[in-house]
Amino acid sequence: AYTLKDAAAATGRVFGAVVPAGLLGVADYTKTLDQEFGQVTPENEMKWNVVERVRGKFDFAAADRLVDYAESRGMAVRGSVLAWHSQLPGWVVNISSGARLLTALREHIAGVAGHFRGRVDYWDVVNEAFGDSGARRNSVFQERIGDGWVEEAFLAAEAADPTAKLCYNDYYTDGFGPKSDAVYDLVRDFVARGVPIDCVGFQGYFNSDHRVPADMAANLRRFADLGVDVHLTELNVTGSGEKQAKAYAVAVSACLAVPRCTVIAVGGVTDKYYWNAAKTPLLIDADYSRKPAYFSVLDAL
Ligand code: XIL
């Protein structure tokens, strides 16, 4: 049977999904995961509040299960995430000095990226550093360390795992606009100054307020022209039926139009376990039936 990962591979691309470790024991789920997907993104298992809930005491049990699983099946691994304002343990939020927070950030990245050294294909090093206006998001890192926290994270990731591809990842950056312009300026500056960055992730959250933009391919292309790869990292489209299918096809086609768009990943394997209010934003429904969106993506590939 022709599958998402086979169709993507035929274009030189990887097709992935966000996966929670808790479902690796569910046979229907893993059957579909194994058939259709060639890359795994841990849903929460690599986030700071899971891997370093207590300072310096790393717990990789759940993340290791996902990485072992992916490796045993020849799937790529997308590490998610090293530095993000959300899902932080209290001890990080409570560090009031910028210098001490930067030390904690560096040690965190050294600990996590170091643990998985050589086994993670792509790291989302920094996630969601910008607000929708294009200004830096007001996070603990931004407030206490200042603009430099983003490049500090990339430098620490490079030191910890020199072979992983290092990505910046964000949402609502799919088309041209103040937010994607801000990410673009950051990447251009990093490339110009030699700060290590290999890829930019576009999460791809689409709904009636955020439709797939007509200029998505052009936007992906301008990033690629900076010399980085571009990835769709957790595609999901609110809705159902043909409308949802059409939106998926447009987003996937935008990636296909750009040779450096090398990874397409969706926010989960099946609607059955989807985490947010969008409820049915994926390609496969709660009964593991392929939806119109599944076939439209397969057709587009
Ligand atoms: C989400 C997880 O999927 C949920 O299980 C969790 O409750 C909240 O975080 N952007 C990202 C992801 O980069 O890491 C987030 O994941 C969704 C938004």
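This is a predicted model: local features need pLDDT of at least 70, side-chain atom pairs count only at pLDDT 80 or more; totals for chains, interfaces and linings use all residues.
## Helix H8

Helix H8 covers residues 149-160 and comprises 12 residues. From its first C-alpha to its last it reaches 16 Å, close to the 16 Å expected at 1.5 Å a residue.

The helix is mostly covered, with 9 of its 12 residues buried. The buried positions are Trp-149, Val-150, Glu-152, Ala-153, Phe-154, Ala-156, Ala-157, Glu-158 and Ala-160.

## Packing of H6 with H8

Two packed helices are described by the angle between their axes and the distance between the axes. For H6 and H8, the angle is about 35° and the axes are 8 Å apart. H6 passes H8 in a right-handed crossing.

On the H6 side, the contact is made by Leu-102, Leu-105, Arg-106, Ile-109, Ala-110, Ala-113 and Gly-114. H8 contributes Trp-149, Glu-152, Ala-153, Ala-156, Ala-157 and Ala-160. By class, the residues of this contact divide into 10 nonpolar, 1 polar and 2 charged.

## Packing of H10 with H11

Helix H10 (residues 216-224) packs with H11 at an angle of about 35°, and their axes are 8 Å apart. The crossing of H10 past H11 is right-handed.

Met-216, Ala-217 and Leu-220 of H10 meet Ala-251, Ala-254 and Cys-255 of H11 in this contact. The contact has 6 nonpolar residues, with no polar and no charged residues.

## Gln-244 in H11

Gln-244 is located in helix H11, which spans residues 241-256. Gln-244 counts as buried because it has 22 C-beta neighbours inside 10 Å, and the threshold for that class is 20 or more.

When residues up to four places away in sequence are not counted, Gln-244 touches Val-237, Gly-239, Pro-292 and Ala-293. Leu-282 lies 38 residues from Gln-244 along the chain, and the C-alpha atoms of the two are separated by 9.1 Å.

## Surroundings of the ligand

The residues around the ligand are Glu-43, Asn-44, Ser-80, Asn-127, Gln-203 and Trp-275. By class, this shell has 4 polar residues, 1 nonpolar residue and 1 charged residue.

Methods. Residues are numbered from 1 along each chain as its sequence is written. Helices (H or I, at least four residues) and strands (E, at least two) are DSSP runs, numbered from the N terminus. Two residues are in contact if their C-beta atoms, placed from the backbone, lie within 7 Å. A residue is near a molecule or strand if its C-beta atom, placed from the backbone, lies within 6 Å of it. Ala, Val, Leu, Ile, Met, Phe, Trp, Tyr, Cys and Pro count as nonpolar, Asp, Glu, Lys and Arg as charged, and the others, Gly among them, as polar. Axes are lines fitted to C-alpha atoms, for helices over the stretch in contact, and angles run from 0 to 180 degrees between N-to-C directions. A crossing is left-handed if the near helix is turned anticlockwise from the far one by less than a right angle, and right-handed if clockwise. The expected span of a helix is 1.5 Å times one less than its number of residues.
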